[in-house]
Amino acid sequence: MTATDPERSRLDDAARAGWLYFIAGNTQDAIAKKLNVSRPTAQRLVSLALSERLITFRLDHPIAACMELEARLTERYGLAHCQIVPSDPTADSSVVGIAEASASFLEQHLRNVEPIVLAIGTGRTLRAAVEQISRLACPQHRLVSLVGHISMEGSASFFDVLARLSDLVQAPHYPMPLPVVMPSRDERDQMLRLEPVRRLRELAEAADVSLVGIGRMDEHAPLYIDGFISEPELAEMRRLGAVGEVTGWAFDAQGRIIAGGTNDRLTSVPREVPATRLVVGVAMGTGKVLAIHGALRGRIINGLITNETTARTLLDLG
């Protein structure tokens, strides 16, 4: 017997164990009996088959394409989190798939035993995500809003997220008690000096995880449709180059936060750019591609949940 025979014999046993486990569907107890070895040895042989790549797998399922897109987007934009869901060309909803994925993301973090601060934006997509969340008991966590949900006329958004999430998971919540945009910068600054607001902003800025929507800045801009900014204000932001917004902060195609316009009067928690803590943007659709692309390029977000059609378009943009 040559010096390589023991190694060859060990790999032969590992290959047999791997075939029995992954192909034939045997349990490790059954493999131990068939190979006349102990159960721990059978377990080690199965592990060896994987580590030596004696057994390889091909995922033949639509989700495989999503996983490839996740890897490409993660590499291109240096993402800390990326989840791509399959596209449904027959669906009328603008949130189908990503709402469920976002709910899963939230539940994963809310199930942590260690206390975290979870910051959250507002809007249709996030509201749809929260409606998918199971009831939990998470009193150890704190939920904080990144943006107000009141217009200058005093009306509240239909798509407030924080209170509903707090009710579902029984965690204390800290809402932003201000209009999204104030009439003047001086009035905005005066409001921000209020002690409750200052404390809330400090809490939000220290959030472990943030989940935000990404809004467009065209005639379908949620900020405009929901009455937070006027048509002339929207037109001004577009003249300044705005293509998208995150928690009200408008940015251009390069992901640079716009100087001036409604950004000067915004009460939302300031964006940390580039994002260092986990900030996951949730959005999909052709109308939002430029906004998502800008948020990624500017590192306003470092995580993304979207669908495969949007992901492919983002990669085509470069």
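Student: Which residues touch the most other members in the largest nonpolar core?
Tutor: Those are Leu73, Ile214, Leu296, Ile301 and Leu304, in a core of 38 residues. Keep in mind that this is a predicted model.

Student: Which elements give two or more residues to this core?
Tutor: They are the helices α4 (62–77), α9 (195–205), α12 (289–297) and α13 (308–317), along with the strands β1 (81–85) and β2 (117–120).

Student: And which one gives the most?
Tutor: That is α12, with five residues.

Student: Back to Leu296, what does it touch beyond four places away in sequence?
Tutor: Leu296 touches Tyr77, Leu79, Ile301, Leu304 and Leu314.

Student: What about a second core, which residues are in it?
Tutor: The second core is separate and has 28 residues, including Leu136, Leu162, Ala171 and Met284.

Student: Changing topic: how many helices and strands does the chain have?
Tutor: There are 13 helices and ten strands.

Student: What about the radius of gyration?
Tutor: The chain has 25 Å, whereas a compact globule of 318 residues would have a value near 20 Å. Along the principal axes, the C-alpha atoms fill a box of roughly 85 × 45 × 40 Å.

Student: How much of the chain is buried?
Tutor: Buried residues account for 47% of the 318.

Terms used: Residues numbered from 1 in each chain as written. Predicted model: local features only at pLDDT ≥ 70, side-chain atom pairs only at ≥ 80, totals over all residues. Heavy atoms only, no water. Helix = DSSP H or I, 4+ residues; strand = E, 2+ residues; numbered from the N terminus. Rg over C-alpha atoms; globule rule 2.2 N^0.38 Å. Buried < 20%, exposed > 50% of the residue type's maximum accessible area, 1.4 Å probe, protein only. Core = buried A, V, L, I, M, F, W, Y, C linked by side-chain atoms within 4.5 Å. Contact = heavy atoms within 4.5 Å.
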